[in-house]
Structures are given as C-alpha cells and as structure tokens.
Amino acid sequence: MSIRPFDQFSKQLFETLLTPFGTVTLDRNVLGEARKVDVFFQPQSPLDPLELGLLARLGKTACLFEPFRDPPDNTEVRNCLLKLFLLHAEYHRRAGHTLPDNDLPKLWILTTSAPDRLLSEFSGQLQPEWEDGIYFIAKGLQTAIIALNELPTTEDTLWLRLLGKGITQEQAIAELLALPIANPKRSSALDLLVSWQIKLEITETINDEERRIVMALSQAYLEWERKTKQQGVEQGLQRGMEQGLQRGMEQGMEQGMEQEARSLILRLLTRRVGELSIEIRSQVAALSVEQLETLGEALLDFSTIADLEMWLVHFQ
C-alpha cells in the first residue's frame with residue numbers, strides 16, 4: 001500500500017522533533033489483530049518547552065500520536081482507542097501486574113478540525129489548564145482530540161499547526177519562515193515541507209486544496225534552493241583549497257544548485273506529461289536556473305507533452 005504524502009510528512013515531523021529527547025517508533029505494531037500506531041514516543045530525557053512548546057507538554061510521558069488530514073469518523077476514533085488499549089495491555093503484561101494510569105501511554109488524536117458532531121459523540125471537553133482546541137474525552141481513557149485549527153496562534157503551538165489545513169497551515173508555514181535561519185528545527189521542518197511539496201506536485205491529479213498547499217510551500221521551496229546553493233558554495237570553497245578557489249566554487253555551485261534543480265524538474269515533468277524525448281530533455285538541460293524556476297511553477301498547469309513543447313518554444 002502506498003503511503004500518502006501527508007501521512008509520511010506528519011510521521012517524519014514528529015520523528016525529527018522528538019528523536020533528540022527519546023525513542024520515536026513509526027508504525028509501531030501492537031499485539032492482537034495486525035494494527036500499527038502512527039507515531040509512538042517514549043521520552044528518555046525532559047523535553048524542552050522552549051524548543052517544542054505544546055509538543056513538549058504532550059510528550060512528557062509515553063504517548064501515541066494519530067494525525068488525521070480530515071476529521072476522523074467514529075470508527076476511526078474507536079480504532080485509535082483500540083490501539084491504545086492493546087498497548088496498555090502490553091504494558092501490564094510486561095510489568096506482571098496492573099500499572100497505575102500515570103504509568104500508561106496517552107493518546108493524542110490530532111485533526112485539522114473537530115466538528116461538533118465528533119466532540120458530541122465522544123463528549124470532548126476543554127480543560128482550563130490546557131490550551132483551547134484540546135478536547136479531553138472520559139478521563140479514564142487517557143485520550144484527547146486536538147483540533148489544530150482552534151489552537152492559539154502562538155510560537156508554542158507552531159510545530160503542531162504545521163500539520164493543519166488551509167489557513168492554519170499557511171499561517172504556520174509563514175511563522176516557520178520567520179524563525180532565525182540558524183534554528184536547526186526550522187531547517188529540518190523546511191526540508192520535510194519541501195519533500196511533501198514535491199510529492200504533491202508529482203501526484204497524477206492535484207485538487208484545489210493541494211494546489212493551495214503547493215503555493216504556500218513555494219517560499220519554503222525557494223528557501224531550500226537557496227540553502228542548496230549555499231551548500232554548493234561551501235563545498236566549492238572546500239575544493240578551492242585543493243583545486244583553486246574559482247574552479248572549486250563553480251563546481252560546487254553547479255552540483256549544489258543546477259544539477260539538483262534540473263533533475264527535479266525532469267522528474268516532475270515525466271510524471272505530469274509522460275516520458276520525455278531526448279530532444280526535450282536536451283532543451284530542458286539548456287535552460288538557465290531562472291528559467292528552471294519558472295518552469296517549476298508552470299508545469300503544475302501542464303497536462304500533455306504539447307503544453308511543455310509550447311512552453312519551451314516560448315523560451316527559446
């Protein structure tokens with residue numbers, strides 16, 4: 001079964017943010033009927049609220065994260081609860097006795113929005129000591145439904161809002177780009193966002209919402225290009241120590257920017273319009289970096305090889 005782009009992005013984001021503080025297991029098996037937990041986190045050191053904000057509070061103890069791109073239905077919520085209960089049973093068996101609730105994993109169901117129907121069915125309630133948008137169901141279930149679009153628009157909720165939808169996610173992306181460039185989590189999150197953008201662009205069909213996501217990620221993509229270019233410069237400087245400064249810089253720039261851009265554009269074009277002839281590949285290879293950037297935006301509207309040929313004629 002193919003992995004949907006959002007599923008892969010959400011899992012990799014949790015893995016990137018939480019790995020420094022404990023063990024992150026993606027698609028963790030639980031006993032009983034074959035089931036997998038999307039993200040299971042076992043903390044091994046205290047999470048830093050200054051780095052992770054609300055996520056640090058959610059990951060204070062062992063927990064399951066189950067992200068949904070669309071609001072889950074009743075069956076999907078019950079399936080999440082079943083995975084939690086199976087994991088609790090596994091903890092009890094390993095301990096050889098019944099453990100107190102505080103020693104058992106918690107379940108965080110993240111959804112882009114939580115309709116009244118969903119909250120009513122599971123009696124979701126806000127708690128005064130927690131942020132808006134976090135709805136706890138019956139206390140003994142150790143579970144909360146987190147409506148990402150209702151979380152406060154603060155730095156503390158940024159990493160979770162990146163998993164949102166529409167305006168929620170677009171705002172989070174803008175905040176991410178505004179972070180200091182030296183912030184390592186900013187760089188890692190941008191890499192994941194760009195990877196997600198690429199996967200969306202090579203999808204056979206792209207709906208209006210996905211197109212909006214691609215546009216929101218366009219600045220992140222440009223950041224990635226600039227970073228790749230800078231890496232090329234740095235590689236060139238290193239080579240320059242041995243091969244001559246100018247020649248090394250040129251090689252680094254070419255390998256770090258142009259080759260990556262051309263390879264990416266050719267892959268995207270192949271997925272959008274089909275196999276490319278040698279002649280067309282040669283024409284694309286002859287484009288400048290600026291023309292490649294323009295082509296990268298234009299190809300989203302291509303549906304046939306003729307669209308690409310007409311575009312190339314215009315730029316010749």
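Okay, let's start with the inside: the largest nonpolar core has 42 residues, and the members that touch the most others are Phe14, Leu18, Phe65, Trp108, Leu160 and Leu162. Helix H1, residues 5-18, gives the most to this core, with 6 residues. By core I mean buried Ala, Val, Leu, Ile, Met, Phe, Trp, Tyr and Cys residues joined through side-chain atoms within 4.5 Å. Buried is under 20% relative accessible area, exposed is over 50%, and partly exposed is in between, with a 1.4 Å probe and protein chains only. Helices (H or I, at least four residues) and strands (E, at least two) are DSSP runs, numbered from the N terminus.

Before I go on, this is a predicted model: local features need pLDDT of at least 70, side-chain atom pairs count only at pLDDT 80 or more, and totals for chains, interfaces and linings use all residues. Residues are numbered from 1 along each chain as its sequence is written, and side-chain values use heavy atoms, with hydrogens and water left out.

Back to Leu162. Leaving aside residues up to four places away in sequence, Leu162 touches Phe9, Leu13, Gln169, Ala172, Ile173, Leu176, Ala189 and Leu193, where a contact is heavy atoms within 4.5 Å.

Now the aromatics. Rings of Phe, Tyr and Trp (the six-membered ring for Trp) pair if their centres lie within 6.5 Å; planes under 30 degrees apart are stacked, over 60 edge-to-face, and the rest tilted. That rule gives 4 aromatic pairs. Take Trp108 and Trp130: their ring centres are 5.6 Å apart and the planes sit at 45°, so we call the pair tilted. Put together, Trp108, Trp130 and Phe136 form one aromatic cluster.

And who sits on that cluster? The charged end of Arg57 is over the ring of Trp130, 3.7 Å from its centre. The rule there is NZ of Lys or CZ of Arg within 6 Å of the ring centre and within 35 degrees of the ring normal.

The whole structure has 8 of them. Arg57 bridges to Glu131, with the closest N and O atoms 3.8 Å apart. Arg57 is in helix H3 (54-58) and Glu131 in the loop between H5 and S5, 74 residues apart.

Next, Lys185 and Glu51, at 2.7 Å between the closest N and O atoms. Lys185 is in helix H8 (184-201) and Glu51 in helix H2 (49-52), so they tie together parts 134 residues apart in sequence. Lys185 is buried at 13%, whereas Glu51 is partly exposed at 35%.

Last one: Glu90 and Arg94, 2.8 Å, both in helix H4 (74-95), about one turn apart. Glu90 is buried at 8%, but Arg94 is exposed at 64%. Arg28 joins those two in a salt-bridge network, and its charged end also sits over the ring of Phe40, 4.9 Å from the centre.

Terms used: Salt bridge = Lys/Arg side-chain N within 4 Å of Asp/Glu carboxyl O.
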